[in-house]
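Hi there,

Here is the structure I promised to pass on to you. Have a look at it first, and then read on for what turned up in it.

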Amino acid sequence: MNVDVKSLSAAVVDDALALLAAERYIDVGRAVADSIIGALPEDLTEEQFGKQFALRLATRVQRTRKGKKKATIAVVSLSKGAGQTLQGVLDKCIPDDWIRKSNAVGRLITGKIDDVKQSRYIWASKGVFREIRDILIHDGDSVMTVYDKIASVNVHEFAHRLQKLYPDLDMMFQSIVRRRLRDGGKFIDSQYADLYPQKGYIEALPLSLERLLGQHFDYLRDRPELEVPVWGQKEFLEKDPELAYLTIGVLLRWKE
Ligand SMILES: [Zn+2]
């Protein structure tokens, strides 16, 4: 990377270091993706490919448990089954170390929604929610919605909590988005660059985890008018291998 020394600012250095760090994870992710794809039959539909890829990736993530006890996410359920649904989703695909880290910092205050458009995540602080305010919320807790029908929506919202737990991890994703915008590069989903740029590119990590781990199929069947990806893994790996490999790499190797 060529940077004019006189123009070096802390932000430029942070971005450059994050991009360097990302290279390691991208290499890991590429190797893992190649090995999973190499073992799959060639004539799979996009949906079959996505299902198989997500499943095999999840199996590798779970293997990193190495005999340790499975982690249970610390939740407060505001509606019946919200915590269980979330646990079921995270169990399948999120590394246990990440769940333990989340628990060490605080709890997830969860409630079910029945319309995906209400999907929300908020880092809780006192006074944010009048309804449940100080009695329930402690510093370090998060409030997030849980949606039964699409697992990936819940992965996405949980990923917003990870951004605060692992700022260096998030920085790798944001730096790639910033570099690509400077270079005039493209994104598979306009939300990477368009949504909330005033807050930084905070959708980069959640969108990547969601697409790689989740499935939108049942949802799409219910709402055919919406153009959401159906098992978007194949498209992600083909059209944006850099972010797809980075996501795989951090799932298997990120520890802090
Ligand atoms: Zn988001």
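A helix here is a DSSP run of H or I with at least four residues, and helices are numbered from the N terminus. With that in hand, Ser-102 is found in helix 4, which spans residues 96–105. Please keep in mind that this is a predicted model.

Is Ser-102 buried or exposed? A residue is buried if 20 or more other C-beta atoms lie within 10 Å of its own. Ser-102 has 24 other C-beta atoms within 10 Å, so it is buried. Leaving aside residues up to four places away in sequence, Ser-102 touches Ile-73, Arg-161 and Leu-165. Tyr-166 is 64 residues from Ser-102 in sequence, yet their C-alpha atoms are 9.9 Å apart in space.

Now the overall picture. The protein has 12 helices and 4 strands. Of its 256 residues, 38% count as buried. Among contacts between residues at least 6 apart in sequence, 74% join residues at least 24 apart.

On confidence, the mean pLDDT of the protein is 86, and 86% of the residues reach 70 or more. Which elements mark the two ends of the range? Helix 12 (residues 241–253) has the highest mean pLDDT among the elements, at 97, while helix 10 (residues 217–222) has the lowest, at 46. Over residues 217–221 the pLDDT is below 50, and in the model this stretch has 12 contacts beyond near neighbours in sequence.

- Strand 1 and strand 2 (residues 108–113) run parallel and are joined by 3 bridges. Ser-77 has Thr-110 of strand 2 as its bridge partner.
- Strand 2 and strand 4 also run parallel, with 6 bridges joining them. Leu-108 has Ser-142 of strand 4 as its bridge partner, and Ile-109 stands opposite Val-143 in strand 4.
- Strand 3 and strand 4 pair in the antiparallel sense over 3 bridges. Here Trp-123 stands opposite Ser-142 in strand 4.

How many residues of strand 4 are buried? The count is 6 of its 6 residues, so strand 4 is mostly covered. In a regular strand the side chains alternate between the two faces of the sheet. Strand 4 is covered on both faces, with Ser-142, Met-144 and Val-146 buried on one side and Val-143, Thr-145 and Tyr-147 buried on the other.

Helix 9 (residues 204–213) is also worth a look. Since 10 of its 10 residues are buried, helix 9 is largely enclosed by the rest of the structure. Among them are Leu-205, Pro-206 and Leu-207, along with Glu-210 and Arg-211.

Last, a helix pair. Two packed helices are described by the angle between their axes and the distance between the axes. Helix 1 (residues 10–38) packs against helix 12 at an angle of about 90°, with the axes 6 Å apart. Angles of 65 to 115 degrees count as roughly perpendicular, and helix 1 and helix 12 are therefore roughly perpendicular to each other. On the helix 1 side, the residues making the contact include Ala-22, Tyr-25, Ile-26 and Arg-30. On the helix 12 side they include Glu-242, Tyr-245, Leu-246 and Arg-253. The residues of this contact divide into 11 nonpolar, 3 polar and 3 charged.

Conventions
Residues numbered from 1 in each chain as written. Predicted model: local features only at pLDDT ≥ 70, side-chain atom pairs only at ≥ 80, totals over all residues. pLDDT = per-residue confidence, 0-100. Contact = placed C-beta atoms within 7 Å. Axes fitted to C-alpha atoms, helices over the stretch in contact; angles between N-to-C directions. Parallel < 35°, antiparallel > 145°, perpendicular 65-115°, else oblique. Nonpolar A, V, L, I, M, F, W, Y, C, P; charged D, E, K, R; others polar. Buried ≥ 20, exposed ≤ 12 C-beta atoms within 10 Å, placed from the backbone. Pairing = 2+ DSSP bridges.
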